Amino acid sequence: MIDLKDTIEQIEKLLLAGTARDLTYAALECRLAIERICYDRLRMAHAYIPRKELASWQPRQVVNFIAQTADELAAATATFSISRMPICDRSEQTEDDFANQVWTEVGTQVGFDPRTLGRLWNALANVALHLRLPEDGQDYVGQYGASGAIRPKVEEALAELRNISGSTLSITGTLGTISFVCVCGFPNKRTGSLLSDKQVVSCASPKCYESYVFHLAETSFERRIIEVPCHECGVSQSVPWVPVHRTKPGEVFHWTCICGQEIGLAWRLFKVRRNDAPSLTRDA
Ligand SMILES: [Zn+2]
Ligand SMILES: [Zn+2]
């Protein structure tokens, strides 16, 4: 759980000082705090989300991605409690049994709306961290943005930060974990309830470019490969799908066969007749 106390005190001081410079610095503090809140959720879900699967680094998109792929509670308000008496066999407990237990509250995570934080993050930059373009040669280029526009955005962000700082605990909802070991040897974890059939997942190791297709019916992960027979020894090679498809036209992807022979793979452009390619919709 991150501590926002120092950030909140700084923003309050800068608001009190109130010059355009102070308000600009306050806006910057707000933006950094929003990033810290969102990226900390990513850190907690790190074992479940490879960085390479993130389509965007913007705070709102990061939190939405976590909630959709790894942790449904990433931005939710939730309270964590423990029962005073041990619960021996959960499958034999009814709803009433759970309700009648004596629970001791451990802490609460105060949730937030990623859309609100994302909107504020953008608005703070617009009003405080960029200058207005001059209209013409007579226009004035200021040192800072307009104080009257910055202050309300900072105050709005401060209210959000005060609310989120009420958390006494960070909770992850990664129940129902499915594990698999990549061919590179790296152990991977995923939240089963958030995986869909045929979903593509990447190995979480930053050094690995292997990817897998998830099959819901069998609860299995199928390695994405291209089979390439070696022109020297004839043995079929399983080449990872991702680096081959990232190879640009004109580049050669190199792969070494177990016999030591180097195999090169490259894209080649060729002409297709319309009848041979029914999906072709425009002239090549
Ligand atoms: Zn791997
Ligand atoms: Zn070979």
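The model is predicted, so local features were required to have pLDDT of at least 70 and side-chain atom pairs pLDDT 80 or more, while totals for chains, interfaces and linings use all residues. Residues are numbered from 1 along each chain as its sequence is written, chains are lettered from A and ligands numbered from 1 in the order in which they are written, and side-chain values use heavy atoms, with hydrogens and water left out.

Donors are defined as N, O and S atoms within 2.8 Å of the metal (3.2 Å for Na, K and Ca); water is not among the atoms, so sites may look incomplete. Four donors count as tetrahedral if all angles lie between 85 and 135 degrees; four count as square planar and six as octahedral if opposite donors are over 155 degrees apart and all others between 65 and 115, and anything else is irregular. Distant parts of the chain are linked by the pair C184, in the loop between β3 (177-181) and β4 (187-191), and C203, in the loop between β5 and β6, which are 19 residues apart. Strands (E, at least two residues) and helices (H or I, at least four) are DSSP runs, numbered from the N terminus. C184 is partly exposed, at a relative accessible area of 43%, whereas C203 is buried, at 0% relative accessibility. Buried means under 20% relative accessible area, exposed over 50%, and partly exposed in between (1.4 Å probe, protein chains only).

The zinc ion (ligand 2) is coordinated by the SG atoms of C230, C233, C257 and C259, at 2.2 to 2.4 Å. Its four donor atoms subtend angles of 106 to 114 degrees, which makes this arrangement tetrahedral. The donor residues of the zinc ion (ligand 2) are spaced C-x2-C-x23-C-x1-C in sequence. Here the pair linking distant parts of the chain is C233, in the loop between β8 (225-229) and β9 (236-240), and C257, in the loop between β10 and β11 (262-265), 24 residues apart. C233 is partly exposed at 35% relative accessibility, while C257 is buried at 4% relative accessible area. Strand β10 (residues 253-256) contains H254, which is partly exposed with a relative accessible area of 48%. The C-alpha atoms of H254 and A266 are 9.1 Å apart, with the two residues separated by 12 residues along the chain.

An open sheet is formed by three strands in the order β5-β6-β7, with antiparallel pairing. β5 (200-202) and β7 (220-223) stand at the edges with a single partner strand each, so one side of each has no neighbour in the sheet. From one strand to the next, the twist averages 40 degrees. Two strands are taken to pair if DSSP finds at least two bridges between them. β5 is joined to β6 (residues 211-215) by three bridges; V201 stands opposite Y212, and V200 opposite V213. β6 and β7 are paired over four bridges, with S220 in β7 as the bridge partner of H215. The hairpin of β6 and β7 has four residues between the strands, and T219 in this hairpin takes a positive phi near 45 degrees. Five of the five residues of β6 are buried, so this strand is largely enclosed by the rest of the structure. Both of its faces are covered, with S211, V213 and H215 on one side and Y212 and F214 on the other.

Helix α2 (residues 20-44) packs with two helices. The axes of α2 and α3 (residues 59-69) come within 9 Å and cross at roughly 25 degrees; α2 and α3 are therefore roughly parallel. Axes are lines fitted to C-alpha atoms, for helices over the stretch in contact, and angles run from 0 to 180 degrees between N-to-C directions. Angles under 35 degrees count as roughly parallel, over 145 as roughly antiparallel, 65 to 115 as roughly perpendicular and the rest as oblique. The axes of α2 and α5 (residues 114-129) are 9 Å apart, at an angle of about 155 degrees, which makes α2 roughly antiparallel to α5. The crossing of α2 and α3 is left-handed, and α2 also passes α5 in a left-handed crossing. A crossing is left-handed if the near helix is turned anticlockwise from the far one by less than a right angle, and right-handed if clockwise.
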